[in-house]
Amino acid sequence: MISRSRRLMTALLCAISLAGVTALSACSDTSTAASGNKITLGYSAWPGWFPWAVAQEKGLFEKNGVNVDLKWFDSYTESINALSSGAIDANSQTLNDTLASVSGGAKLSVVLVNDNSTGNDKIIAREGITGVADLKGKKVAVEQGTVDHYLLLLALQEAKLTEKDVEIVPLLTDAAAAAFVGEQVDAVAAFAPFTTTALGRPGSRAIATSAEFPGAIPDHLAVSDKLSKERKKEVQGLVNTWFETVAWIKANKDEAVQIMSKRGAVTVEDYKSYDAGTTIFTKQQNLDAFTPGVTSAHLNFQAGKIADFLVANGLAQSRPPIDGLFDDQFVKSVP
């Protein structure tokens, strides 16, 4: 199963250009961001990003006047490295990872909210554990620095516990899910499709999900500052394509699910099970999210909370600057 296997928030430095080169080598097309007038757009295995595969198959990029080299990354981390180093022009990634990259010196702009995780990130526990409070003194596997680590901390805080109250077993997400199924740990924090793997353990259940923390895990399209400033027409074409694709999926649900489940290497049934756990944003939801505010519905508010998490957990030496990070001009200009 192809998976979003490295949902890391490691502080990324622009100097790590070799990592970007490595990322491109994992993809089928060896062209780079500098090739002609193409925009290289990276994406990986997360339900909120599979619509890009539909856009490609149905010719919607071309219809919107943008020449896209759509690059699939088996490793999500490599896609982040590639964008941070300038090896690609744009990438679908979490707000957490974008902030980590910015803290390391990357010059990026968020131009579109693809979705919010509304249940596809879960804390799954063994039989006998009925709530987050029961995790006290238990072993919890999680990929440190990921959004699921962030979700775990939010859930512990709500249960009046801290990370020190549990025994963290640091593992990559695929290994964490396997360790849980193998009964090596009591609980695991993971994202789809690894949630499906984890729930294969008899008696297991989700004791907390991202649905309980609205807006905590926003996923979006990040582009290089150079692209957003110098090639506005093409960026507009990307954003226009996204909304046309979402409309096409709504009108052609069965065919769309076939395309997206194939890209994710999961069954149609499994893909449909992820549907409610990822909320694809409408244009109005995008506009609301970009508007500055003081609730979880606003990107600037969530960015502040995530920045605190990054610094507190040693993933960033200082708070990443967010002034100018959120650029709503393209969403506002969608027909």
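Which elements do the buried residues of α7 pack against? I took this up at the start of my notes on what is a predicted model.

**Entry 1, helix α7.** I looked up helix α7, which spans residues 173-181, and listed its buried residues as T173, A176, A177, A179 and F180. These residues lie on the same side of α7, because the arc they cover around the axis is only 160°. As for what they meet, I noted that the buried residues of α7 pack against the strands β5 (121-125), β6 (139-142) and β8 (187-191), and also against the helix α8 (194-198). Following α7 I found E183, and I wrote down that its phi is positive, near 65°.

**Entry 2, helices α10 and α11.** I next turned to a pair of helices, bearing in mind that two packed helices are described by the angle between their axes and the distance between the axes. For α10 and α11 the packing angle is about 115°, and the axes are 5 Å apart. On the α10 side the contact is made by W248, I249, K250 and A251, which meet K253, E255, A256 and M260 of α11. Sorted by class, this contact of α10 with α11 holds five nonpolar and three charged residues, with no polar ones.

I then checked the largest pocket, for which I have a space of about 400 Å³. It is lined by 19 residues, and those closest to its centre are I249, K253, D275, T278 and I280. The elements that each supply at least two residues of this lining are α10 (232-251), α11 (253-264), α12 (268-273) and β11. By class, the lining of the largest pocket is made up of 11 nonpolar, four polar and four charged residues.

I placed T278 in strand β11, which covers residues 278-280. Is T278 buried or exposed? I recorded T278 as buried, because its relative accessibility is 7%, and buried means under 20%. Leaving aside residues up to four places away in sequence, T278 touches W46, P47, G48, D115, N116, T118 and N120.

The largest cavity has about 60 Å³ of space, and of its 11 lining residues A45, F50, P193, G264 and V266 are the closest to its centre. I sorted the lining of the largest cavity into 10 nonpolar residues and one polar residue, with no charged ones.

Methods
Residues are numbered from 1 along each chain as its sequence is written. This is a predicted model: local features need pLDDT of at least 70, side-chain atom pairs count only at pLDDT 80 or more; totals for chains, interfaces and linings use all residues. Side-chain values use heavy atoms; hydrogens and water are left out. Helices (H or I, at least four residues) and strands (E, at least two) are DSSP runs, numbered from the N terminus. Buried means under 20% relative accessible area, exposed over 50%, partly exposed in between (1.4 Å probe, protein chains only). Contact means heavy atoms within 4.5 Å. On a 1 Å grid over the protein atoms alone, a cavity is a set of points where a 1.4 Å probe fits but cannot get out, and a pocket is an open set with protein on both sides within 12 Å along at least five of seven lines; lining residues have an atom within 4 Å of a point. Grid points are joined across faces, edges and corners, and a volume is the space filled by probe spheres set on the points. Ala, Val, Leu, Ile, Met, Phe, Trp, Tyr, Cys and Pro count as nonpolar, Asp, Glu, Lys and Arg as charged, and the others, Gly among them, as polar. The arc is that of the directions from the helix axis to the C-beta atoms. Axes are lines fitted to C-alpha atoms, for helices over the stretch in contact, and angles run from 0 to 180 degrees between N-to-C directions.
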